[in-house]
Amino acid sequence: MTDDKNLETVAPAGREPLTLINVREGLFGAKGDTSGFDGLIKAVQMPGASERPYGEWFDGVVDILTELLGDDVDAAIEYVVVDRGELTLYIAREHLLAVAQHLRDDQDLRFEMCLGVSGVHYPADTGRELHAVYPMQSITHNRRLRLEVAVPDGDSHIPSITSVYPMNNWHERETWDFFGIIFDGHPSLARIEMPDDWVGHPQRKDYPLGGIPVEYKGAEVPSPDERRQYR
Amino acid sequence: MSTDTKATGPIVEDPDVPEYTVYGSDWSEVADEAVRLGQQRIVMNMGPQHPSTHGVLRVMLEIEGETVTEARAGIGYLHTGIEKNMEFRTWTQGVTFCTRMDYVASMTQELAYCLGVEKLLGITDDVPERASVLRVLMAELTRIGSHLVAVGTGGNELGATTIMTTAFVAREETFRVIEAISGLRTNNAYIRPGGVAQGLPEGGVEMIRAMIPKVKEGLDELALLQMENPILKGRLKNVATMNLSACMSLGITGPILRSTGLPYDLRKAEPYCGYETYDFQVPTATTDDAWARMVIRMEECYESLKIVAQCADRLEKLGDGPVMVEDKKIAWPAQLSIGSDGQGNSPEHIKHIMGESMEALIHHFKLVTEGFDVPAGQVYQAIEGPKGVLGVHLVSDGGTKPWRAHFRDPGFNNLQALSIMAQGGQVADVVVAIASIDMVLGGVDR
């Protein structure tokens, strides 16, 4: 969908580690459009890093985490985003286990539950194509925050946090199955939804939706992902 | 980790171990053969097509005699790629997809998804109160229906068909109201981003009020059938136990968690749709077993009926009014009404766009075919579904379709507990464990 030439123009070197969600071209997803909109190139980015104060209880949690991580904190927490009343911590994968351990065990953090891991594929975000998003839930303090780990497509290894949060066992299997993110240290990282011998990881953006064209009275309606559509 | 790990392959890959295919009737012959060969340990498949597996769940059991030494669940037989499909449809169309995940509690997914979309749009506070009350009403009716199916099929799997029929008769009463309001019994696509599809039909409040005693009657009958039933007690008490620490380590929520004594309910802990203004209790138990979960589900049905009654009062007081946000760039343009040939677009709306206003037609066409843009970003919205915490992770790239929609189905997470619940028990108790987890495979596999 996106070629490198366009990417360079919209993602200047040395940019903040913002997530580039998508680079959208044109308006209708078709080339040679007479509307004149097909030359349109738009880079869509995630909300950027937030500055202190983050508000609510967010500062307190980041402070405690900073204290617990000690010297590693700058390497561990890439940046903090507060958006729509939700706190997101972007974590470097090397430090994910330590962060998870602190989040669970410290009495002032006490995020007892990890509500799973959701994969997201951002093909345009060079070097950070695959994201793993962990929503953490604290029952004690009634809070929720989000950890996000970004890894490159060619080296999609993230340490498994099942040793800290055993509940993530199936969730990590699902994210491996759908996105091809390899969770190192998982006790049995097998496919869970797709058959064992399935090729490919279906939720990735480069994996087609599939489907067959529908023919009606001689006219053919293409399958959903082939249809001309608004973007 | 290795990519060769098999989840659904044979458990024993030793060519010397004999393998039998059994379909029930010739089971005794195989057992005799195993005894003759001096084998104690048998690996057995239960499902994927088994009446007690709530859909298509494969349970791999390693048994010694009647005792389960190892139980593993194999899922994925009902995976339909709903999340992937949602990436190719507009935000509004997404409702029709996610409602088909856990098809026993359809509107739970709709509610979580729509609250998520509204959070992304930043219009959470703009949703009219009437729409929020209708959402609560539908969520609670859905909860009653889901719990009745859980209790009913749970009884049916133990051979108590009357429990099932009684529960389903009561559930049908909730469906009558749901159908009159939304047009459909299940898979309603009723809750939409920005509000709900339509308001109450004529006589709606009276209909809701008339339903409450009927459902209560069914619940009472069900309670009479179950609560002092010695067979049911023998089958459920002290079976499939799971204590609080096991629940916490496996992220279990819903009735299973509450059966350990922790009153964790997102309707209280993190209220949405104005739940903090309703008067209801969160039932708990302390015995950690399948019996406690069944009792909790029954009690929750009574609590939900209390909420439904409060919704009826509020709807009566609120009277007529909008059930969609005012923003015409988001609000679904079509209005539905019931005609002589069933439910469809309202004649007034058709008259307006086809005969009176060209702009209204363009607006209708643009919103329905193109949809609305949702500002880029991500949100996580969790609600208390009948089966536990239902979470939705939504990512928008600023366009008219979700970049990613992920559902944390409570059944998917809770099914991980099957091994802990079933191991060390009898084969017959596996059925009880599955019923007390109460997952629906449509939601588990999505």
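A:A92 lies in the loop between β4 (86-91) and α4 (96-105) of chain A. Helices (H or I, at least four residues) and strands (E, at least two) are DSSP runs, numbered from the N terminus. The model is predicted, so local features need pLDDT of at least 70, side-chain atom pairs count only at pLDDT 80 or more, and totals for chains, interfaces and linings use all residues. Residues are numbered from 1 along each chain as its sequence is written, chains are lettered from A and ligands numbered from 1 in the order in which they are written, and side-chain values use heavy atoms, with hydrogens and water left out.

A:A92 is buried, with a relative accessible area of 8%. Buried means under 20% relative accessible area, exposed over 50%, and partly exposed in between (1.4 Å probe, protein chains only). Leaving aside residues up to four places away in sequence, A:A92 touches A:A75, A:A76 and A:E78. Contact here means heavy atoms within 4.5 Å. The C-alpha atoms of A:A92 and A:V151 are 8.8 Å apart, although 59 residues separate the two along the chain.

Chain A as a whole holds 5 helices and 12 strands. Of its 231 residues, 52% are buried. Among contacts in chain A with a separation of 6 or more, 54% join residues 24 or more positions apart.

A:R204 counts as buried because its relative accessibility is 11%. Its side chain makes a polar contact with the side chain of A:D153, at 2.8 Å. A polar contact is a pair of N or O atoms within 3.5 Å; within protein, one must be able to donate a hydrogen and the other to accept it, and residues adjacent in sequence count only if both atoms are side-chain atoms. Not counting residues up to four places away in sequence, A:R204 touches A:H121, A:L130, A:D153, A:F178, A:F179 and B:K84. That list includes a residue of chain B, B:K84.

Chain B and chain A meet at an interface. In contact there are 60 residues of chain B and 63 residues of chain A. The size of an interface is often given as the accessible area lost when the parts come together. The area buried between chain B and chain A is about 5200 Å², and carbon and sulfur atoms give 55% of that area. Buried area is the accessible area (1.4 Å probe) that two parts lose on being put together, summed over both. Between the two chains, 23 residue pairs are in polar contact (both at pLDDT 80 or more). Strand β8 (residues 377-385) of chain B gives the most to the side of chain B that touches chain A, with 5 residues. The rule also finds 5 salt bridges across this interface. A salt bridge is a side-chain nitrogen of Lys or Arg within 4 Å of a carboxyl oxygen of Asp or Glu. A:E174 forms a salt bridge with B:R446, with the closest N and O atoms 3.0 Å apart.

Aromatic rings were examined next. A search of the whole structure finds 8 aromatic pairs over all chains. Rings of Phe, Tyr and Trp (its six-membered ring) pair if their centres lie within 6.5 Å; planes under 30 degrees apart count as stacked, over 60 as edge-to-face and the rest as tilted. A:W57 and A:F58 form an edge-to-face pair, 4.6 Å centre to centre and with 85° between the planes. A:F58 is buried, at a relative accessible area of 1%. In chain B, the rings of B:Y275 and B:F280 have centres 6.1 Å apart and planes at 65°, so this pair is edge-to-face. B:Y275 counts as buried at 1% relative accessibility, and B:F280 is buried at 2%. Ring pairs link B:Y272, B:Y275, B:Y278 and B:F280 into a cluster.

Charged side chains sit over two of these rings. The charged end of B:R267 lies over the ring of B:Y275, 5.8 Å from its centre. B:K268 lies over the face of B:F280, at 4.0 Å from the ring centre. A charge sits over a ring if NZ of Lys or CZ of Arg is within 6 Å of the ring centre and within 35 degrees of the ring normal.

Some backbone features complete the account. The peptide bond from A:R52 to A:P53 is cis, with omega near -5°. A:P53 is in the loop between β2 (41-45) and α2 (58-69) of chain A. A:K217 is not a glycine, yet its phi is positive, near 50°.
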